[in-house]
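Thanks, everyone. Today I'll walk through some salt bridges and a helix pair. Have a look at the screen.

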Amino acid sequence: MTATAAAAATDVTGARTPKAADVITGARERIDALDDRIIGLIQERMAVSAVIQEARISSGGRRVNLSREMEILGHYRDALGKPGTTLAMTLLELCRGKI
């Protein structure tokens, strides 16, 4: 890496050394790949949720099953702590829309 390229990499990453900039760049690439997978999984979850809602509504039931949503909230809270509840609420909103 040239001195100019190393300086540019450290500016972009906030690192103080080229070695740290390389580590950060590699880790960011991994995070971007993980984010793409997470988004894909969320989209898949949304599609599965739509199937469930359609089956429930067509059978005369309600669109939302609150006891199931409470299970999901608890699962995320237990696994991730308080921020997990917020994440679960966001997922539920994405999958069912606002009530």
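Start with E71 and R68: their side chains meet in a salt bridge, 3.3 Å from N to O. By salt bridge I mean a side-chain nitrogen of Lys or Arg within 4 Å of a carboxyl oxygen of Asp or Glu. Both residues lie in helix α3, three residues apart, about one turn of the helix. An α-helix has 3.6 residues a turn, so residues three or four places apart point the same way. R68 counts as partly exposed, because its relative accessibility is 44%. The cut-offs: buried is under 20% relative accessible area, exposed is over 50%, and partly exposed is in between, with a 1.4 Å probe and protein chains only.

A word on the source. This is a predicted model, where local features need pLDDT of at least 70 and side-chain atom pairs count only at pLDDT 80 or more, while totals for chains, interfaces and linings use all residues. Residues are numbered from 1 along each chain as its sequence is written, and side-chain values use heavy atoms, with hydrogens and water left out.

How many salt bridges does the structure hold? Three. Next, D78 and R77: their side chains meet at 3.7 Å, N to O. D78 is exposed, at 63% relative accessible area. R77 is partly exposed, at 43%.

Now R96 and E69. Their closest N and O atoms are 2.6 Å apart. This pair links distant parts of the chain: R96 sits in helix α4, E69 in helix α3, 27 residues apart. Buried or exposed? R96 is buried, with a relative accessible area of 13%. E69 is buried too, at 12%.

That takes us to the helix pair. Helices here are DSSP runs (H or I, at least four residues), numbered from the N terminus. α3 covers residues 66-80 and α4 covers 82-96; their axes come within 7 Å and cross at roughly 145 degrees. Axes are lines fitted to C-alpha atoms over the stretch in contact, and angles run from 0 to 180 degrees between N-to-C directions.

Who touches whom? Contact means heavy atoms within 4.5 Å. On the α3 side, the residues include I72, L73 and Y76; on the α4 side, they include L87, L91 and R96. By class, that contact has ten nonpolar, two polar and four charged residues.

Last, α3 itself. E69, I72, L73 and G74 are buried there. The buried residues of α3 pack against α2 (18-58) and α4. After α3 comes G81, with a positive phi near 80 degrees.

Methods. Helix = DSSP H or I, 4+ residues; strand = E, 2+ residues; numbered from the N terminus. Nonpolar A, V, L, I, M, F, W, Y, C, P; charged D, E, K, R; others polar.
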